[in-house]
Amino acid sequence: EALLNDKVQGNHVQLAITIYKEYFGESSAAGYLSNPSQKQAQILKTASNRTTTVQPESSEGNTERPPEQDQPNPTTTIKADLLMAAGNRIFRETADREVNNDVEGLGGDDWTRWHIMMRNDQQNGYIPRNNDALGYYRKPVDFVEDDGCGIYELKLFRNREDSQVVYVGCTCRQRNDRSLTDRLSEYARNGSHKADLIDRALRNGYQIWVRTKKVNLEGQQRGQCGAPTLDQKQGEAQRMENVLLARYDYKWNIRRNGGIRP
């Protein structure tokens, strides 16, 4: 309640609505909005449709792009009621323009651009996914721009107005992942541990997009031969993932995120 009042008094009215919807449900939010005894409710009512328009960043240097009809809208409109997450973290699906290469402590090479990895309709260059998995995929080896250990994000894309980043992962020690292409190939072929979520997204008309960020330990940790070892690179990839999990709430992450959100 204190957090809610603070947001309302600061005129962050849509954040207050989001808090209620996320933690107390739609019916409770409706009750709050209709309660005439609370001064804050009137503030919420009068400003419930405010939006913020954010211009995307330059894509200079990108030579290969997905088909033009699949590109996100050059101007992304983000409702103000989507800028709040559980605790002190931000819902990742609302912060697409914020997660760049300057997140404090993240490190690594620059993020690559987004690539379409899976879709529910067959196109040139896409092959059927394995066994009973729904849809078609491109082999990650065909589009991962700089392979090695690192982190990746998965995005659901259905149209220019319906695009959301839902997952962050890394090449890690437990699976002995040796490269981003190895890890992403599992998702592409059969969905790995997110098979049900990926199949549901494809069934609902979404494409699965991916971008990667490679570990860069230049000038830092070194092995006996002067180069970072695989174990060191795997450990750095997990550290980078943890930086993002500490800052953002991803819909499909469980570790450090408190569970999957619908």
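Helices (H or I, at least four residues) and strands (E, at least two) are DSSP runs, numbered from the N terminus. The structure described here is a predicted model, in which local features need a pLDDT of at least 70 and side-chain atom pairs count only at pLDDT 80 or more, whereas totals for chains, interfaces and linings use all residues. Residues are numbered from 1 along each chain as its sequence is written, and side-chain values use heavy atoms, with hydrogens and water left out.

The chain contains 6 helices and 10 strands. The pLDDT, which is the predictor's confidence in each residue on a scale from 0 to 100, averages 75 over the chain, and 63% of the residues score at least 70. Confidence is highest in strand 6, at 98, and lowest in strand 2 (residues 76-79), at a mean of 33. Where pLDDT is low, the predicted coordinates should not be read in detail.

A residue is termed buried under 20% relative accessible area, exposed over 50%, and partly exposed in between (1.4 Å probe, protein chains only). Of the 262 residues of the chain, 47% count as buried. Among contacts in the chain with a separation of 6 or more, 67% come from residues 24 or more positions apart.

An open sheet is formed by 6 strands in the order 5-6-4-9-7-8, with antiparallel pairing. Its edges are strand 5 (127-128) and strand 8 (162-170), each of which pairs on one side only. Helix 6 (residues 230-247) packs on the sheet, where it touches strand 7 (150-159), strand 8 and strand 9 (207-214), and its direction makes about 140 degrees with that of strand 8. For such angles, axes are lines fitted to C-alpha atoms, for helices over the stretch in contact, and values run from 0 to 180 degrees between N-to-C directions.

Two strands are said to pair if DSSP finds at least two bridges between them. Strand 4 (residues 115-119) is joined to strand 6 (residues 136-137) by 2 antiparallel bridges. Across this pairing, arginine 119 has tyrosine 136 as its bridge partner, and methionine 118 stands opposite tyrosine 137. Strand 4 is also paired with strand 9, in the antiparallel sense, over 3 bridges. Here methionine 118 faces isoleucine 208, while histidine 115 is partnered by valine 210. Strand 9 in turn pairs with strand 7 over 8 antiparallel bridges, and lysine 214 of strand 9 is the bridge partner of glycine 150. Strand 4 is largely enclosed by the rest of the structure, because 5 of its 5 residues are buried. Strand 9 is likewise largely enclosed, because 7 of its 8 residues are buried.

A nonpolar core is a set of buried Ala, Val, Leu, Ile, Met, Phe, Trp, Tyr and Cys residues joined through side-chain atoms within 4.5 Å. The largest such core has 25 residues, of which Val103, Leu106, Ile151, Leu244, Tyr248 and Tyr250 touch the most other members. Strand 7, strand 8 and helix 6 each supply at least two residues of this core, and the largest share, 5 residues, comes from helix 6. When residues up to four places away in sequence are not counted, the neighbours touched by tyrosine 250 include Glu153, Val165, Leu244 and Arg261. A second, separate core of 22 residues includes Met117, Phe143, Tyr187 and Tyr206.

In helix 4 (residues 180-190), the buried residues are Leu180, Thr181, Arg183, Leu184, Ser185, Tyr187 and Ala188. Their cover includes strand 4, strand 6, strand 7, strand 8, helix 5 (195-203) and strand 9. Threonine 181 counts as buried because its relative accessibility is 9%. Its side chain is joined to that of serine 179 by a polar contact of 3.0 Å. A polar contact is a pair of N or O atoms within 3.5 Å; within protein, one must be able to donate a hydrogen and the other to accept it, and residues adjacent in sequence count only if both atoms are side-chain atoms. Leaving aside neighbours within four places in sequence, threonine 181 is in contact with Pro140, Val141, Val144 and Asp147. Just after helix 4, glycine 191 takes a positive phi of about 90 degrees.

Conventions
Contact = heavy atoms within 4.5 Å.
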